[in-house]
Amino acid sequence: MSLRPFALERYFARHEFSARYLLGSSDPESMSVRELLALEPGSEAGLGDLRLGYTESLGHPDLRREIAATYTQTDPDSIIVFSGAEEPIYTFMNAALEAGDHIVVHFPSYQSHHAVAQARGIDVSLWKGDPAAGWAPEPSELEDLIRPETVAILVCTPHNPTGWLADARAWARIVDIARAHDLWLFSDEVYRGLEYEPSTRLPQACDLYEKGISLNCLSKSCGLAGLRIGWIATRDRELFAKLAAYKDYLSICNSAPSEYLAGIAVRHMETLFGRSRERVVRNLDLLEAFFARRSDIFRWMRPGAGSTTFPEYTTGDSFELCERLVAETGIMLVPGRFFDIEGGFIRFGYGRENLPEVLPLLEEWLERAAPRR
């Protein structure tokens, strides 16, 4: 298998730890170990007493039990804990799919959603969101993409990079299509919890559908990317066994300190969601005012959830703009080409605490580099 370079990750490798301001990152503001431990008195001593041997390959039983409690139709035996979200995506594409299979992938998308499958000789059809409709994809078009050799649908909602959130009706339609064709429904739910109105939060795929596969992690909505803890929840026992066996060739097991800290995070997940949600809603209001002021060069619709948005720079190429921006100001944005979309689209991330400081700097630079028309 020959994988093409992961364009987004290579771009972050160039700039993430040298740029002064990360305005394109998808993960919200992080927190310190001390802050996380403070959520549970006595946990600091528990971390200090932790033995640093191997952990169980599927994840610590207590952590799997805590994660299972966040679903309505699963138990601990439906949960596999992985390193972040990338490892379970890679595992699914290799353990569940075969050359000659066909999958439908929600697009634009995180590159591994489609590139790993393509590298294995799996045919991929892109179910494209419509930027004029707030990046909503059309369910009837999903139905049209299904073939006899289709085995899976992959969808991401809340969506990266666009911030699209399916409504309950559209989500039910997606599940119905997967069930009607007996397909796996791989649902990337890592931004779940960042709905601006909690009442719009969707049921998770593995709770709605017997072949649903829910992917989640602590990196995004909880702001704990450094723990490198993610998981898959699925009631499909045959698939579960395949995923568990394939993990033996990857991380084997997770970091014991990370699993201990992850247990605290999962037990206080709603608190962490609220912490991140408050910041993204406040920052989104600032972004909305910014895009209103610069509507001469940006086309934008307010997203429904998450911590990223995907406006279009209408007067030039976004890659050239972003390269100049980071070189001249230290502000990093992410051009659309790193989501396989050329032209003017740019990913803005708005989960960081310093966005109110960074936006005026961006606006000042735009006045010089892209003066008002």
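Reply: We may begin with residue classes: Ala, Val, Leu, Ile, Met, Phe, Trp, Tyr, Cys and Pro count as nonpolar, Asp, Glu, Lys and Arg as charged, and the others, Gly among them, as polar. By these classes the lining of the largest cavity divides into 5 nonpolar, 3 polar and 3 charged residues. The model is predicted, so local features need pLDDT of at least 70 and side-chain atom pairs pLDDT 80 or more, while totals for chains, interfaces and linings use all residues. Residues are numbered from 1 along each chain as its sequence is written, and side-chain values use heavy atoms, with hydrogens and water left out.

Me: What makes a space a cavity, and which residues line the largest cavity?

Reply: On a 1 Å grid over the protein atoms alone, a cavity is a set of points where a 1.4 Å probe fits but cannot get out, and lining residues have an atom within 4 Å of a point. For the largest cavity these are T157, P158, L165, W171, S187, E189, R192, E195, L202, P203 and Q204. The volume, which is the space filled by probe spheres set on the points, is about 60 Å³ for the largest cavity.

Me: What makes a space a pocket instead?

Reply: A pocket is an open set with protein on both sides within 12 Å along at least five of seven lines. The largest pocket holds about 710 Å³. Of its 30 lining residues, the closest to its centre are E9, S26, D27, K220 and A225. Its lining has 14 nonpolar, 6 polar and 10 charged residues.

Me: Why is α13 said to have its buried residues on one face?

Reply: Helices are DSSP runs (H or I, at least four residues), numbered from the N terminus, and α13 covers residues 318-329. Buried means under 20% relative accessible area, exposed over 50% (1.4 Å probe, protein chains only). S318, F319, L321, C322, L325, V326 and T329 are buried. Because their directions, taken from the helix axis to the C-beta atoms, fall within an arc of 160°, they line one face of α13. The face turned away from the buried side carries the exposed residues E320, A327 and E328.

Me: How do you know that the span of α13 is close to the expected one?

Reply: The expected span is 1.5 Å times one less than the number of residues. With 12 residues, α13 reaches 16 Å from its first C-alpha to its last, close to the 16 Å expected.

Definitions and conventions. Helix = DSSP H or I, 4+ residues; strand = E, 2+ residues; numbered from the N terminus.
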